[in-house]
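Please have the display in view while I talk.

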Amino acid sequence: MMKMHPRKQTDKLLSRLQKVECPDTTFFAERFPIVMKRGSGMWVRDVDDNRYLDFTACFAVLALGHRPKTSIHAMRKQAASLLHGMGDVHPTLPKIKLLELLAKLSPYANAKSLLGQSGGDAIESAMKTSMLVTGRSRFLSFSGGYHGLQFAPLVLNDRTDFTQGFESWISGKTFTLPFPYFKGDICFDNNLTDDFLLKEHKLENPDKVLQILEDQLKKKEYAALVMEPYQGRGGKRGFSSEFVKRCKELCTKYGTLLVFDEIYTGFGRTGKMFAYEHYNVIPDLLCVGKAMGGGLPISACIGEVLDVWGKSKGEARQTQTFLGNPMACAVAYETVKTIKKNLPLFQKELVKIDAVFTKFIHAMNENKLMNKFPFEIRGKGFMRGIWFYKQNEGFAVPLMEQLLEAGYLILPEGPRADVLSLTPPLIAKAEHFEKILNALVQELKKI
């Protein structure tokens, strides 16, 4: 455990924050949160000079780590010429180069994109595009999905902690499919019955979910099925290739678009450039963001169907003041190129990281923790979740706080907050995983 300094500056600053910020924004506990001051690579320091190993990548954004040279050099170069452009009026060279790069990397022969500032913007672009293509206005999504909290993406959300107070807006606009259960990459419990999974975790049999999906699609009311190939905040849970292929077939059959929300999973996060590659299924629209911006806010909705918008007559119907901001585009261009170049190295390290998970399993067995805390490891690549499926709701929250005290930034996830999320920068090494997994074993021994 790293020795921590007292929270003198942290507590003072948090007191100031509470006086001026919407109270629903930041969660406060006795030893949570920290006030971040400086980052470098895998590490973050707070205002009291405590050092933390970052296993969040700040919501999976910092794929190349904190303050990567790629971002800093691109910012400096662009700042010397032009800080801001004019969105949908006078384009800039960085915007053009980025859109060309996205088209080249995408799975589409004639890709076009709509840029935004946040993941929610990209999802909104996909929803609007789907409505124009199909002439329909309702949407399908999976339970546990997280697609943004702006009004349009909010209708895709089934978590009442996000939707409370806004039910009248959401009502009638979407249908939430139950999430199907598929065994994780590492699972030791063969007694996970359908009854337990449904009762405790609301997870359904995949065949039943597909039947529900087809029953809804037959109504021909839905513009799109919006899904994350691997759920981010939903707890790193994914699907089988057969299931995703069937979703695509059913959507095509009934005239509904398939939208992949790869805002979290895109650009190397799952060990491939995009997560759709794990399923060998190409969606009608691909939404990306987070890692793309290298720390700056930018997103995109990509596909071949964007011509449905028609040519501009002088007033764009989906734009914003900072669309295609030259600084964000310049950094995104260099970031995406760097991730693509280094992806083979990241993939090579994942082989060593997998060996560390095997060591973690041995440590859990040696310390007689497996029966007390049975778990399943979900996700892919640098997007893993340790699901403690037999623990009480909220189990991962105090674990997060204990690991923070030990010098690790990590987040709880899943509908029941019983998943410990591991989403470090893609520069993470096996030794970093070994550190945090060893620390986790020590914290579980105390419970």
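Lysine 359 is partly exposed, with a relative accessible area of 49%, and in this predicted model lysine 359 forms a salt bridge with glutamate 434, where the closest N and O atoms are 3.1 Å apart. The two residues come from distant parts of the chain, 75 residues apart, since lysine 359 sits in helix H13 (residues 326-366) and glutamate 434 in helix H15 (residues 430-446). Glutamate 434 is also partly exposed, at 28%.

A search of the whole structure finds 17 salt bridges, and another of them joins arginine 416 to aspartate 418, with the closest N and O atoms 2.6 Å apart. Here arginine 416 has a relative accessible area of 15% and is buried, and aspartate 418, at 2%, counts as buried too.

Let me turn now to the sheet. In what order do the seven strands of the open sheet run? The order is E4-E13-E12-E11-E10-E5-E6, with mixed pairing, and because strand E4 (112-116) and strand E6 (174-177) each have a single partner strand, they stand at the edges with one side left without a neighbour in the sheet. From one strand to the next, the twist averages 20 degrees.

Within that sheet, strand E11 (residues 257-261) and strand E12 (residues 285-288) pair in the parallel sense over three bridges, and aspartate 261 has cysteine 287 in E12 as its bridge partner. Helix H11 (residues 241-253) packs on the sheet, touching E5, E10 and E11, and its direction makes about 140 degrees with that of E11.

Terms used:
Residues are numbered from 1 along each chain as its sequence is written. This is a predicted model: local features need pLDDT of at least 70, side-chain atom pairs count only at pLDDT 80 or more; totals for chains, interfaces and linings use all residues. Side-chain values use heavy atoms; hydrogens and water are left out. Two strands pair if DSSP finds at least two bridges between them. Helices (H or I, at least four residues) and strands (E, at least two) are DSSP runs, numbered from the N terminus. Axes are lines fitted to C-alpha atoms, for helices over the stretch in contact, and angles run from 0 to 180 degrees between N-to-C directions. Contact means heavy atoms within 4.5 Å. A salt bridge is a side-chain nitrogen of Lys or Arg within 4 Å of a carboxyl oxygen of Asp or Glu. Buried means under 20% relative accessible area, exposed over 50%, partly exposed in between (1.4 Å probe, protein chains only).
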